[in-house]
Amino acid sequence: MSVTGRKIIKSALWDMKSFFVKGSAPSFDVELGTRNMREHATFSGQGRKARLCFSKDFCSFQVNNVDDYNFVLMIVSHEIAHYMHQHNEHTDTDHFDTKSIEAWADYYGAKVMMSLVTFGQKNIELQRELGFEFHSGNMINSIGQGLYRLAQTLFNVQDERYLNRITRVGYCAAGITSFLDSYWGGLQVSRSMDVLTRLYSQGELRDWLTTENESFALDKEIIERVTEIHRSIQGYQLSITGGLIPQMARYIDTSFQRSPELRDLYVKFRVQQAREQGYELPEIA
């Protein structure tokens, strides 16, 4: 059986359910090519009507190699990020709200993708079906190819609701390094630099990072706004989407109850770790 976008979607959702305590997984309702859509994918509806929707063309897309696989999985994971955070329960007040939510879906979606390729049994089977012999360096290179294709296509739009393409790639890259920090049990700057070098060496990404560097900005205000939005959605729950098994909660938890003081302390701790490893970083306000 050939690998298609539909097969990757189904595998991703099956694996996502396996990341939850038995009986606690969200329904992950999905529409596969049943409606006319301009987008490849979207998160639609609220409450019990919330669902992931994928276009007919996206579902029938033929996946020939691991680069195709990672490109498709990034798109699917981005929409899963919206679903996991119940983003449709929030009404954007302006374009900055939209930018903030989309930036978070890029960041968190990258962590979902890394979780799926690393721990998802159906996704591991797909990689083997595509003839991919897993090697971490080769996988990161391939993910970089996926980011390059996103920067060429879906991220390459002039729309006030979205950040520029190189910044969106940056949020995805940050999600990847965040996952790896959790996986390996701590920050190692040299490892993160190696990963970022591999990601940005694909296609024209390195050139764009240079020529479009004035547009590149991982804005602290976006993180602050997205935290406010998620806190409102979360309310008094322990997390927005609860029930993750402990092994996966360390990667894709949806709790936003940390105080600003605790977040600042965490950032200072990371800066100190980097300095102890020989990297002189500036103080972060």
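Okay, let's start with the rings: searching the whole structure turns up 14 aromatic pairs. To count as a pair, two rings of Phe, Tyr or Trp (its six-membered ring) need centres within 6.5 Å; planes under 30 degrees apart are called stacked, over 60 edge-to-face, and the rest tilted. One of the pairs is phenylalanine 179 with tyrosine 183, and that one is stacked, at 6.1 Å centre to centre with 20° between the planes.

Quick note before I go on: this is a predicted model, so local features need pLDDT of at least 70 and side-chain atom pairs count only at pLDDT 80 or more, while totals for chains, interfaces and linings use all residues. Residues are numbered from 1 along each chain as its sequence is written, and side-chain values use heavy atoms, with hydrogens and water left out.

Back to our pair. Phenylalanine 179 and tyrosine 183 sit 4 residues apart in helix α7 (residues 165-184), so about one helical turn separates them. Helices here are DSSP runs of H or I, at least four residues, and strands are runs of E, at least two, numbered from the N terminus. In general, an α-helix has 3.6 residues a turn, so residues three or four places apart point the same way.

Are these two buried or exposed? Phenylalanine 179 is buried, at 2% relative accessibility, and tyrosine 183 is partly exposed, at 36%. The cut-offs: buried is under 20% relative accessible area, exposed is over 50%, and partly exposed is in between (1.4 Å probe, protein chains only). Both rings also belong to one aromatic cluster with Phe119, Trp184 and Tyr251.

Now look at helix α5 (residues 121-129), where Asn123, Ile124, Leu126 and Gln127 are buried. They're on the same side of α5, because they cover an arc of only 155° around the axis (taken from the directions from the helix axis to the C-beta atoms). What do they pack against? The buried residues of α5 pack against α1, α3, α4 and α6, with contact meaning heavy atoms within 4.5 Å.

Last topic, charges. There are 11 salt bridges, each a side-chain nitrogen of Lys or Arg within 4 Å of a carboxyl oxygen of Asp or Glu. Arginine 225 makes one with aspartate 97, with the closest N and O atoms 2.6 Å apart. That pair links distant parts of the chain, since arginine 225 is in helix α10 and aspartate 97 is in helix α4, 128 residues apart. Aspartate 97 is buried, with a relative accessible area of 1%.
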